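Please look over the structure below with these notes beside it. They run from the overall fold to single residues.

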Amino acid sequence: MICDTCANYVYDEDWECYTCMVNMDEDDYYRLMSGNAKECPYYQDNDEYKVVRHQI
């Protein structure tokens, strides 16, 4: 998984670690952890310059 580059993967100061902020249901979580999902359906690219590169 590529959680490190996802916009939903943020530092939680209470837990003092990075966590996913998506509130997914149990079925989605199971599919993601079991490897049946090719990619996370909630993944959001954290690349600020993606739009700029696309315009060039």
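1. Basis. This is a predicted model, in which local features need pLDDT of at least 70 and side-chain atom pairs count only at pLDDT 80 or more, while totals for chains, interfaces and linings use all residues. Residues are numbered from 1 along each chain as its sequence is written, and side-chain values use heavy atoms, with hydrogens and water left out.

2. Fold. The protein has 2 helices and 2 strands. Their order from the N terminus is β-β-α-α. Helices (H or I, at least four residues) and strands (E, at least two) are DSSP runs, numbered from the N terminus.

3. Surface and burial. The accessible surface is about 5300 Å², and carbon and sulfur atoms account for 49% of it. Areas come from the Shrake-Rupley method with a 1.4 Å probe; for residues, only the protein chains shown count as cover. Of the 56 residues, 11% are buried. Buried means under 20% relative accessible area, exposed means over 50%, and partly exposed lies in between (1.4 Å probe, protein chains only).

4. Contacts. Take the contacts between residues at least 6 apart in sequence: 41% of them join residues at least 24 apart. A contact means heavy atoms within 4.5 Å.

5. Salt bridge. Which side chains meet in a salt bridge? They are those of aspartate 28 and arginine 31, at 2.6 Å, N to O. The rule asks for a side-chain nitrogen of Lys or Arg within 4 Å of a carboxyl oxygen of Asp or Glu, and the count is 1. Both residues sit in helix H1 (residues 26-34), 3 residues apart, which means about one helical turn between them. Aspartate 28 is buried at 16% relative accessible area. Arginine 31 is partly exposed at 39%. In general, side chains of opposite charge can pair when their charged atoms come close.

6. Tyrosine 9 and tyrosine 18 are stacked, because their ring centres lie 5.7 Å apart and their planes meet at 20°. Tyrosine 11 and tyrosine 18 are edge-to-face, with centres 5.2 Å apart and planes at 70°. The cut-offs: rings of Phe, Tyr and Trp (its six-membered ring) pair if their centres lie within 6.5 Å; planes under 30 degrees apart count as stacked, over 60 as edge-to-face, and the rest as tilted. Tyrosine 9 is partly exposed at 28% relative accessibility. Tyrosine 11 is also partly exposed, at 44%.

7. Cysteines. How many disulfides are there? The count is 0, where a disulfide is a pair of cysteine sulfur atoms within 2.5 Å. Cysteine 20 is in no disulfide; its nearest cysteine sulfur belongs to cysteine 40 and lies 6.0 Å away. Cysteine 20 is partly exposed, with a relative accessible area of 40%. Cysteine 17 is partly exposed at 31%.

8. Methionine 24. Is methionine 24 buried or exposed? It counts as buried, at 18% relative accessibility. Methionine 24 lies in the loop between strand S2 (17-20) and H1. Leaving aside residues up to four places away in sequence, methionine 24 touches Tyr29, Leu32 and Tyr42. Methionine 24 and tyrosine 42 are 18 residues apart along the chain, and their C-alpha atoms are 8.6 Å apart.

9. Glutamate 16. Check the backbone here. Phi of glutamate 16 is near 55°, a positive value in a residue other than glycine. Glutamate 16 is in the loop between strand S1 (9-12) and S2. Glutamate 16 is exposed, at 62% relative accessibility.
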